[in-house]
Structure formats: structure tokens, C-alpha cells
Amino acid sequence: MGDDYTGSVTVATADGSERVLDDSLWSQSETIKGMIVDTEPGDTIPLASVGPEALDKVVEWMEKMATFKEDDTSDEAKLAWINEYKETMTAQEQLPLLFSTMNAANFMNVENLLDELCKFVAEMIAQKTPNEILDHFNIKKDATWEEEQELIATHKWIDPEGLIAKDREKRATAPADETGRGATLDAGA
């Protein structure tokens, strides 16, 4: 289509579903802009690493950014909408969508969205202990307590304030919750 193309394009997600994007949307994606140069009119641009739900969230972002640009929206209104957008992916059950949207933004090279989502995840884990982060994101710990202690002893920057040991002590004395966590910790937990 060439560098100067300004029409709509059809993109296909990982599952083959297609979506038509006008130039105010696809021009926000460096990946699509690069692919258009080598694409014939009417061809579908494959986004093999992007699922349909993630594409929907990226397109929602791009539509709003295009509207903000067109309407010359205030920074306060933009920030309010961005916070609402991120809040839709805060709940525990929405974390997979958050991460697939981050991956889609990365693959499509929509930098402002990727930056916002990375900042959002950083805010989610700020001031949390490593165990709290593992719990929040349902990550299974694969290091034993002894391996952790060896790493901490070797690399003091990992836990300069001793928070990991304090968290472990707190968990060892906490009453069990409905999953049985907290009542006892074995040496490998």
C-alpha cells in the first residue's frame, strides 16, 4: 500500500477473527504502520500474537486516544479516562486480560498504552513483599527457603531491610484462611 496510505486496513487476531481499523487507529501502531508498506490493498494484516479480547482493549485505547486528539481534550479528562480504563483490569480475574493487553500493545508497538500498563503493574506491586506479589498474581514459587536465603546472603540488594524474613515470620504465625494458607509454612514454602 505504501508509506502514504491513509485508508482502512483489516487485521486478523491469533484466532483468525478480523477487525477493520481506520487510519486514526492503525496509525497509532508502529507495527501496523510498518506492515502496511509491504501489504497489497485488500490484504489482511496478521496479528498472530494478539488475541481478540486483547485487540478489543487495544482498539478501545486507540479509539479514545484518537477522540482525545480530535477533540483537544484536557489532560485532566484524559487522565480520568486512563484511570478508568486501567481499573477495568484491576480485579484478580481480569489479570490475564491485563497481561494479554500488555503483550498486544507490545506486539503492536502502541507505546503510550504499553507505558501506561507497565506503570500500572509497577503501582500494583509497589510496597508489596515478594510473597504478596506471588499471591496477588497467582505465581507459584519454585525456590526453597534455603535457596532464597542463599540468594539474599549473596546479593544483599534483594532484601536490604529484611522484609522477606519478616513476611515469612508473619505468615508462619497467621491463622489459616479458607485455602489453608498461612497456618503453617514448610521449609520449601
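Predicted model: local features only at pLDDT ≥ 70, side-chain atom pairs only at ≥ 80, totals over all residues.
Trainee: How should I read the packing of two helices, and at what angle do α3 and α5 pack?

Mentor: Two packed helices are described by the angle between their axes and the distance between the axes. In this model helix α3, residues 52–71, packs on helix α5, residues 95–108, at about 65 degrees, and the axes are 8 Å apart. That angle makes the two helices roughly perpendicular, since the range for that class is 65 to 115 degrees. The crossing of α3 past α5 is right-handed.

Trainee: Which residues of α3 and α5 make the contact?

Mentor: From α3 the contact takes E53, A54, L55, K57, V58 and M62. The residues from α5 are L97, S100, T101, A104, A105 and M108. Sorted by class, the contact of α3 with α5 has 8 nonpolar, 2 polar and 2 charged residues.

Trainee: At what angle do the axes of α8 and α9 cross?

Mentor: The axes of α8 and helix α9, residues 163–173, cross at roughly 155 degrees and come within 11 Å. The pair is therefore roughly antiparallel, because angles over 145 degrees fall in that class. On the α8 side the contact involves W145, E148 and I152, and on the α9 side I164, A165 and R168. By class, this contact of α8 with α9 divides into 4 nonpolar, no polar and 2 charged residues.

Trainee: Next, charged pairs. How many salt bridges does the structure hold?

Mentor: Side chains of opposite charge can pair when their charged atoms come close. The structure holds 6 salt bridges. One of them joins the side chains of E30 and K33, with 3.1 Å from N to O. Both residues are in helix α2, residues 30–36, and being 3 residues apart they are separated by about one helical turn.

Trainee: Are E30 and K33 buried, partly exposed or exposed?

Mentor: E30 counts as partly exposed, at 39% relative accessibility. K33 also counts as partly exposed, at 33%.

Trainee: What is the place of E60 and K57 in the model?

Mentor: E60 and K57 both lie in helix α3, 3 residues apart, which is about one turn of the helix. They form a salt bridge, and their closest N and O atoms are 3.3 Å apart. E60 is partly exposed at 31% relative accessibility, whereas K57 counts as buried at 9%. The cut-off behind that reading is that buried means under 20% relative accessible area. K57 is also one of the α3 residues in the contact with α5.

Trainee: Which parts of the chain does the salt bridge of E116 and K86 tie together?

Mentor: The side chains of E116 and K86 meet in a salt bridge, 3.1 Å from N to O. E116 lies in helix α6, residues 111–125, and K86 in helix α4, so the pair ties together parts that are 30 residues apart in sequence. Helix α4 covers residues 75–87. K86, E116 and K119 are linked in a network of salt bridges.

Trainee: What surrounds K86, and is K86 buried or exposed?

Mentor: K86 is buried, with a relative accessible area of 5%. E116 is buried as well. Not counting residues up to four places away in sequence, K86 touches E116, L117, F120 and E123.

Trainee: N112 is also in helix α6. Which residues is N112 in contact with?

Mentor: Leaving aside neighbours within four places in sequence, N112 is in contact with W61 and M65. N112 counts as partly exposed, at 36% relative accessibility.

Trainee: Last, the backbone. What is phi of Q127 and of N138?

Mentor: Phi of Q127 is near 65 degrees, a positive value in a residue other than glycine. Phi of N138 is near 50 degrees, again positive in a residue other than glycine.

Trainee: Where do Q127 and N138 lie?

Mentor: Q127 is in the loop between α6 and α7, with α7 covering 130–136. N138 lies in the loop between α7 and α8, with α8 covering 145–154. Q127 is exposed, with a relative accessible area of 80%, and N138 is exposed at 60%.

Definitions and conventions:
Residues numbered from 1 in each chain as written. Heavy atoms only, no water. Helix = DSSP H or I, 4+ residues; strand = E, 2+ residues; numbered from the N terminus. Buried < 20%, exposed > 50% of the residue type's maximum accessible area, 1.4 Å probe, protein only. Contact = heavy atoms within 4.5 Å. Axes fitted to C-alpha atoms, helices over the stretch in contact; angles between N-to-C directions. Parallel < 35°, antiparallel > 145°, perpendicular 65-115°, else oblique. Left-handed = near helix turned anticlockwise from the far one by under 90°. Nonpolar A, V, L, I, M, F, W, Y, C, P; charged D, E, K, R; others polar. Salt bridge = Lys/Arg side-chain N within 4 Å of Asp/Glu carboxyl O.
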